[in-house]
Amino acid sequence: MSSPLTQTVHWDLTYDVHLGSTWGRFMQGLREQKILANSCPECSRTFVPPQAYCESCFVRTEQWTELPAEGDLEVFTVVWQGFTGGPKPPYAVGGIRLAGADTLLMHVVTGLDFSDPSTVRDQLPHGSRVRAVWAEDRTGQILDISHFEPAG
Ligand SMILES: [Zn+2]
């Protein structure tokens, strides 16, 4: 007799996450329509979302700066199957390099026509300019940026 290798588990949890000072400051900035980044004092890389430490230099990040709410779309993927609590598919999630950042901010990107999947890739070529669209009601969370849209 063999043992089962899988079993069905249902999770439906609501819980509070302690953001800490770095993420707390970032989320407060979003509430005020500011995208805050921080930088490493050793290698000068600028992180958004911010990081408490530079993972390369093993030092605390210290200097904070506000980045423009606009950048280059470096990569995106299309979500065809929905997740509980997520947007209605299809939708795109992209990695956006805000001007002055050394990391990518992941967020929903709009402005794509999904009716013919074979054309989606070319609609927003690598480096396309996108800008943040702010949510009307902001509560200090990542969806204070509603989404990014093509900027030009
Ligand atoms: Zn560093």
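Let me begin with a term: a residue is called buried under 20% relative accessible area, exposed over 50%, and partly exposed in between, using a 1.4 Å probe and protein chains only. By that definition Glu70, at 28% relative accessibility, counts as partly exposed.

Some remarks on the source. The structure is a predicted model, in which local features need pLDDT of at least 70 and side-chain atom pairs count only at pLDDT 80 or more, whereas totals for chains, interfaces and linings use all residues. Residues are numbered from 1 along each chain as its sequence is written, and side-chain values use heavy atoms, with hydrogens and water left out.

I turn to the annotated domain. UniProt, in an unreviewed entry, places the feature "domain: ChsH2 C-terminal OB-fold" at residues 64-134. UniProt positions are given here in the numbering of this model, feature names are shortened, and annotations may be inferred rather than shown by experiment. Over residues 64-134 the chain is 10% helix and 48% strand, and the end C-alpha atoms are 21 Å apart. Helices (H or I, at least four residues) and strands (E, at least two) are DSSP runs, numbered from the N terminus.

Next, the salt bridges. In general, side chains of opposite charge can pair when their charged atoms come close. The criterion is a side-chain nitrogen of Lys or Arg within 4 Å of a carboxyl oxygen of Asp or Glu. A search of the whole structure finds 5 such salt bridges.

One of them joins the side chains of Arg129 and Glu70, at 3.2 Å from N to O. This pair links distant parts of the chain, with Arg129 in strand E9 (residues 128-134) and Glu70 in strand E6 (residues 70-79), 59 residues apart. Arg129 also meets Asp72 in a salt bridge, at 2.9 Å from N to O. Because Asp72 lies in strand E6 and Arg129 in strand E9, the pair ties together parts that are 57 residues apart in sequence. Asp72 is partly exposed, with a relative accessible area of 28%, and Arg129 is partly exposed at 37%.

Another salt bridge is formed by Glu149 and Arg131, whose closest N and O atoms are 3.0 Å apart. Glu149 lies in strand E10 (residues 145-150) and Arg131 in strand E9, so this pair ties together parts that are 18 residues apart in sequence. Both partners are partly exposed: Glu149 has a relative accessible area of 25%, and Arg131 stands at 32%.

Let me move to strands E7 and E8. Strand E7 (residues 91-98) and E8 pair in the antiparallel sense over 5 bridges; two strands pair if DSSP finds at least two bridges between them. Val93 stands opposite Val108 in E8. The hairpin of E7 and E8 has 6 residues between the strands, and in this hairpin Gly100 takes a positive phi near 95 degrees. Why is strand E8 (residues 105-109) described as largely enclosed by the rest of the structure? The reason is that 4 of its 5 residues are buried.

The aromatic residues come next. In general, a pair of aromatic rings is described by the distance of the centres and the angle of the planes. Rings of Phe, Tyr and Trp (its six-membered ring) pair if their centres lie within 6.5 Å; planes under 30 degrees apart count as stacked, over 60 as edge-to-face and the rest as tilted. The whole structure contains 2 aromatic pairs. The rings of Trp23 and Phe26 have centres 5.8 Å apart and planes at 75 degrees, so this pair is edge-to-face. Both residues lie in helix H1, 3 residues apart, about one turn of the helix. Is Phe26 buried or exposed? At 0% relative accessibility, Phe26 counts as buried, while Trp23 is partly exposed at 36%.

The rings of Trp80 and Phe114 are also edge-to-face, because their centres are 6.0 Å apart and their planes at 75 degrees. Trp80 lies in the loop between E6 and E7 and Phe114 in the loop between E8 and helix H2 (117-123), so the pair ties together parts that are 34 residues apart in sequence. Trp80 is partly exposed, at 42%, whereas Phe114 is buried at 18%.
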